[in-house]
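I opened my notebook to look up the aromatic contacts here. Which rings pair, and how are they set against one another?

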Amino acid sequence: GFALQYRIGQLYMISKHSHEQSDRGEGVEVVQNEPYEDPNHGNGQLTEKRVYLNRQLPSWARAVVPKIFYVTEKAWNYYPYTITEYTCSFLPKFSIHIETKYEDNKGSNDSIFDKEAKDLEREVCFIDIASDEIPERYYKESEDPKYFKSQKTGRGQLKEGWRETHQPIMCSYKLVTVKFEVWGLQTRVEQFVHKVVRDILLIGHRQAFAWVDEWYDMTMDEVREFERATQEATNKKIGIFPPAISISSISMPSSTRSAPSSAPSTPLSTDAPDFLTVPKDRPRKKSAPETLTLPDPSK
């Protein structure tokens, strides 16, 4: 069915996208990827990844973060429901929680998350893979659904209003919660993260659509093998030896409370919003040391 197609396309896109974005010391390391059983959601797949971000960070963030910095992504995939959680290696108060549900409709189910978020303030935001603007540095005409036409399926060249007429169609609904419990910064950081997550989802799903001819004939087993081989190559590319990946067929005991998502894994750099930029003419404190010398622990 179409849901299985979407899932194969999504797994293919995440692996290929992660590999493309990775470079030595940068990119996405897969720590684990194995079957997982949950008492409520049944059988699923647990993946844990570390996204090394140093060069991807916007300059305003790079100034304040350690050199070795990564985001941990844990995803529990019980398709058609997934949970993804992101935490940061040096910000204990920062986390992103994403719940995802998939339905065969054009985004018309307004109450899909009522049970999960009845007391929360929510802002609903539609993502249209054909007409929404993406950051210019990620634009490729070959990945633009307005111009791309699939040889194998005939899908593509999505025109204005395509959601009303296009078949087959399905919607990925995401409930995104950002926490950053630091007084004075919470709202700014939350707004910034929501923009980054939105860009990641938009770019990733455009790629999954534009790469359809590469993955359309794959079975689930074939895409899992592609994922394994790509992850091994990616781990080598970013300089992690031996590859830190195991895809086992042994069912893992369920323990922790679930959590999930299908977002493309590599957070993308993006410029700081205006309210986070430091004024250029702000005087420096004279008392701030220019360099910080630490004792060498090996001596």
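Entry 1: I am working on a predicted model. I looked up ring pairs and found seven aromatic pairs.

**Entry 2: tyrosine 6 and tyrosine 102.** I took this pair and checked its geometry. The ring centres of tyrosine 6 and tyrosine 102 are 5.1 Å apart. Their planes meet at 55°, so I logged the pair as tilted. Next I looked up where the partners sit. Tyrosine 6 belongs to helix 1 (residues 2-21), and tyrosine 102 belongs to strand 5 (residues 91-103). The two are 96 residues apart, so I noted a link between distant parts of the chain.

Are these two tyrosines buried or exposed? Tyrosine 6 has a relative accessible area of 14% and is buried. Tyrosine 102 comes out at 7%, which also counts as buried, because the cut-off is under 20%.

**Entry 3: phenylalanine 94 and phenylalanine 180.** I read 6.0 Å between the ring centres of phenylalanine 94 and phenylalanine 180. The planes stand at 75°, so this pair is edge-to-face. Phenylalanine 94 is in strand 5, whereas phenylalanine 180 is in strand 6 (residues 171-180).

**Entry 4: a cluster.** I then looked for grouped rings. Tyr6, Tyr79 and Tyr102 make up one aromatic cluster.

**Entry 5: a charge over a ring.** Which residue lies over the face of tryptophan 211? I found lysine 16 there, 4.2 Å from the ring centre.

Key. Residues are numbered from 1 along each chain as its sequence is written. This is a predicted model: local features need pLDDT of at least 70, side-chain atom pairs count only at pLDDT 80 or more; totals for chains, interfaces and linings use all residues. Side-chain values use heavy atoms; hydrogens and water are left out. Rings of Phe, Tyr and Trp (its six-membered ring) pair if their centres lie within 6.5 Å; planes under 30 degrees apart count as stacked, over 60 as edge-to-face and the rest as tilted. Helices (H or I, at least four residues) and strands (E, at least two) are DSSP runs, numbered from the N terminus. Buried means under 20% relative accessible area, exposed over 50%, partly exposed in between (1.4 Å probe, protein chains only). A charge sits over a ring if NZ of Lys or CZ of Arg is within 6 Å of the ring centre and within 35 degrees of the ring normal.
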